Amino acid sequence: MHYPRNWEELIAWFAEDDECRDYLDWLRWSQGFVCPHCGSRKGWRRVDGRWDCGKCRRIVTQTAGTIFDNRT
Ligand SMILES: [Zn+2]
């Protein structure tokens with residue numbers, strides 16, 4: 001079981017924000033970064049936990065399009 005059932009359970013799993021972000025990264029991009037805008041697999045992580053796409057230069061949030069959208 002690698003997926004929390006709801007937001008409360010996710011919070012219970014991760015007390016630290018950084019750990020939560022790492023988990024969301026893994027959840028979303030376990031196969032590596034993929035830009036939702038252009039599909040590029042080239043990107044790098046910003047200091048604030050979001051990602052820069054190496055191709056279209058957009059900033060990507062790891063919660064966009066997931067069940068956690070609008071909850072952070
Ligand atoms: Zn892109």
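I looked up burial for Phe 33 and Trp 51 and found both buried; buried means under 20% relative accessible area, exposed over 50%, and partly exposed in between, with a 1.4 Å probe and protein chains only. The model is predicted: I kept local features at pLDDT of at least 70 and side-chain atom pairs at pLDDT 80 or more, while totals for chains, interfaces and linings use all residues. Side-chain values rest on heavy atoms, without hydrogens or water, and residues are numbered from 1 along each chain as its sequence is written.

Next I searched for aromatic pairs and found 1. The ring centres of Phe 33 and Trp 51 are 5.2 Å apart and their planes lie at 15°, so the pair is stacked. Rings of Phe, Tyr and Trp (its six-membered ring) pair if their centres lie within 6.5 Å; planes under 30 degrees apart count as stacked, over 60 as edge-to-face, the rest as tilted. Phe 33 sits in the loop between α2 and β1 and Trp 51 in strand β2, 18 residues apart. Helices (H or I, at least four residues) and strands (E, at least two) are DSSP runs, numbered from the N terminus.

I then turned to the zinc ion. Its protein donors are Cys 35 (SG), Cys 38 (SG), Cys 53 (SG) and Cys 56 (SG), lying 2.3 Å from it. Donors are N, O and S atoms within 2.8 Å of the metal (3.2 Å for Na, K and Ca); water is not among the atoms, so sites may look incomplete. The 4 donor atoms subtend angles of 104 to 116° around the zinc ion, which makes the arrangement tetrahedral; for four donors that requires all angles between 85 and 135 degrees. In sequence I read the donor spacing as C-x2-C-x14-C-x2-C. Cys 35, in the loop between α2 (17-28) and β1, and Cys 53, in strand β2, link distant parts of the chain.

Cys 38 counts as partly exposed because its relative accessibility is 31%, and Cys 56 is partly exposed at 28%. I also searched the whole structure for disulfides, pairs of cysteine sulfur atoms within 2.5 Å, and found 0.

Last, I checked the sheet. It is open, with 3 strands in the order β1-β2-β3 and antiparallel pairing. The edge strands, each pairing on one side only, are β1 (43-45) and β3 (59-60). Strands pair if DSSP finds at least two bridges between them; β2 (residues 51-53) and β3 have 2. Asp 52 has Ile 59 in β3 as its bridge partner.

Technical notes. Four donors count as tetrahedral if all angles lie between 85 and 135 degrees; four count as square planar and six as octahedral if opposite donors are over 155 degrees apart and all others between 65 and 115; anything else is irregular.
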